[in-house]
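My entries follow the order in which I checked them.

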Amino acid sequence: MGEKGLKHSVPSSLGGGGCCDMSLKCRCRWRWDSPARTCVLSLTFIFFLASFLIFGALGMFFAWLTFSPFEKPAMSPFGCREDNEGSWSIGVYRGRNPFALHPIEEEGISNDRSSAWPVANPVFTCASASDSSHPSNFVADPFLYIQGDVLYLFFETKNAITMQGDIGVAKSIDQGVTWQHLGIALDEEFHLSYPFVFGYDGQIYMMPESSQKGDLRLYRALNFPLEWRLEKVLLKKPLVDTTLIHYNENYWLFGSDVSRFGAIKNGELEIWYANSPLGPWKQHKGNPVHNFDKSLGARNAGRPFVYDGHLYRMGQDCGDTYGHRIRAFKLEVLTKEKYREVEVPLGIVESRKGRNAWNGNRYHHLDAQQLPSGDWIAVMDGDRVPSGDSTRRFLLGSLTLLFLGILIILVGVLLGVVRCVFPLSRCLGAGKRSDTLPFWTHPQFTSKLHKVFARLNRSSSALRGRIRLNTCGGTLLLCFLFFLGAASICFTVRCFFGGNGAEEAYPVEGQYSQFTMLTMTYEARLWNLKMYIKHYSRCASVREIVVIWNKGQPPNPNDFDSTVPVRIRVEKKNSLNNRFKADPLIKTRAVLELDDDIMMTCNDVERGFKAWREHPDRLVGFYPRLIDGSPLKYRDEKYARTRKGYNMILTGAAFMDSQSAFQKYFSDEAKEGRDIVDKYFNCEDILMNFLLANESSSRTVEYVHPAWAIDTSKLSSAAISRNTQVHYRTRTHCLLKFSEIYGHLPLQKWEFDNRKDSWDL
């Protein structure tokens, strides 16, 4: 209908606004053919549209600023999807006894095939256990079975298709350094986990958790390790995480029955005993021996063991989240009538890297066994996120988005562009009364709703009367509300699209490794160094930070907020050559030379480390340069970009092989070049590029683009490159000197965007 119909159909009490009430007149187009009429050009509509565009733009800007533009390579083409139960993986520990275990990376074991110098935990992940027929989201609950020098690893693997736990198996012939996935050992129609494997009377048995089936089952190996047959049902009880130990002439079974009346989830423990693992099993007279706080370790956390004549049990602390950490208990009394245990230190040092560490948030299972050599080996699972993390992020994001919507409506009310609409029958669906109509169209309901909205309108009018937006206080209030809205949209974007927040390490050939960070500084830059160490020590693959102290009173390493060891190497001479001095205390082949005034994300550092491990004979760094022309001239990165290539990497932010690179730098043939570096107090990175390029016919440099990097030297007066023009003239002079001594850099130019993952854009 036209404008004439509108005048005759809208009550004056609505101010001509109908369902789109306004405080001032605007040109409107009404759709009378729809029960819910809409106002296309109302001030209210414009306000909400502007709010959507503004906060949407803020969210996109926040995502651009904080999220890496480089896509993380998939760990596996089949599995490793985000799972609400977590992202569990498995690590190996060694030690002289079960209470002096340390991670495998501290053993210094290397694997040349994957450039893992050393091999680091985790050694087995969802990618290790995934194939096209059985993709895995995570691996957990590891148990070892030792046959001579061969280790078999049994574990729960969550099928990414069926979302059910199955039992997988892997084999290692090098004491747990590398693992070969053999396949699925046991797959039932119900969930399986906790594959307790043991030998008895010449046979190999497995007692997995099958609580979903409602009983405890025992399987026997027909063709170890992949073929198993159900031997018998041990107990008609849904016990979880059940373990078995032979001690004092009896077999003892520890498990938790959450179906028991009054049982506290993850806080209940029962004991059963028998003369044989095949049963029959009898209840301990004190059952349940535990039924209290779930954080106190009642639920089992791996295989019990005997050490130095005493029996020990591992229990889960499920206080903050499921499987938060492991507690160790020494059993002081274990009889058919009595049970007493006391907690003892586990001896495993927890990582302080948080979500960046593979087990930084929780670890809930340990199987420690003694090797024929007398040493101990253990497998432990770990996770970087708490249980239910993805659901928690979704709920937090949704609630924050709802809060933002309420905030926008509040601002609209204060500005007078949003008023509570009276949902009269015409708005909700006009027509004669009928029992078939929805309840919200009935007069009783619309009348009550009319009164509620009338009160809201009066309240909003009173609020506008109290708050004068044209005053200083009103302006500050609007600014504060806008700040809250901006923070809300940023937090929402982080929850919905930011993932679990971890900056993980990148595997190469399925293995992880570590590197040492080296930085050179002196007392005038101590404030830089504190920020540097606090940030980079949290990166997943950093093993140690070595500070080359060139001048002044060195700081105390304990004064730094660091999650890794910090070593101050005091030098007698203030020389840039000290950067590449051989250091026998460095425990990794890979070193990252990174100036203390460069700040970048841990994810960028991890990408650079992965690129170096793929080509450990190269300098892999984040600042490319192109050296060409006649005579040679030093130019910035912009010049390399315009010429679409580079042939030099600045070693102030580069990975290198400490053994070969440092040896070349301090060789006799490099002495004249080192003297030039000392003379100008500059150009040590140029010298390293010359030495590597002129001793190899293959490529020696590779660039990785950081998502973002901040050069804090611009904020300090203690920087040798603060005067860019003088700095570049000095480096040009060095180029001419080095070319006279060592010859020109290879003329071959390496193009940008040459990697398949586009990390060198």
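**Ground rules.** I am working on a predicted model, where local features need pLDDT of at least 70 and side-chain atom pairs count only at pLDDT 80 or more, while totals for chains, interfaces and linings use all residues. Residues are numbered from 1 along each chain as its sequence is written, and side-chain values use heavy atoms, with hydrogens and water left out.

**Count.** How many disulfides does the structure hold? I found three disulfides, a disulfide being a pair of cysteine sulfur atoms within 2.5 Å.

**Entry 1: C80 and C126.** I looked up the sulfur atoms of C80 and C126 and found them 2.1 Å apart, in a disulfide. The torsion about their S-S bond is about 120°, so I noted this disulfide as right-handed. I placed C80 in the loop between α2 (43-66) and β1 (89-95), and C126 in the loop between β3 (119-120) and β4 (136-147). The two are 46 residues apart, and the pair links distant parts of the chain. Helices here are DSSP runs of H or I with at least four residues, strands are runs of E with at least two, and both are numbered from the N terminus. I also checked C126, which is buried at a relative accessible area of 7%. Buried means under 20% relative accessible area, exposed means over 50%, and partly exposed is in between (1.4 Å probe, protein chains only).

**Entry 2: C539 and C602.** I found a disulfide joining C539 to C602, with 2.1 Å from S to S. Is it left-handed or right-handed? The torsion about the S-S bond is about -80°, so the disulfide of C539 and C602 is left-handed. C539 sits in the loop between α7 (526-536) and β25 (542-549), and C602 belongs to helix α8 (residues 602-614), 63 residues apart. I noted C539 as buried at 0% relative accessibility and C602 as buried at 2%.

**Entry 3: C683 and C734.** The sulfur atoms of C683 and C734 are 2.1 Å apart and form a disulfide. I read 80° about the S-S bond, a right-handed link. C683 lies in the loop between α11 (671-680) and α12 (684-693) and C734 in helix α13 (residues 724-742), so the pair ties together parts that are 51 residues apart in sequence. Both C683 and C734 are buried.

**Entry 4: two other cysteines.** I looked up C318 and found it buried, at 2% relative accessibility. C479 is in no disulfide, and its nearest cysteine sulfur, that of C472, is 9.2 Å away. I noted C479 as partly exposed, at 45% relative accessibility.
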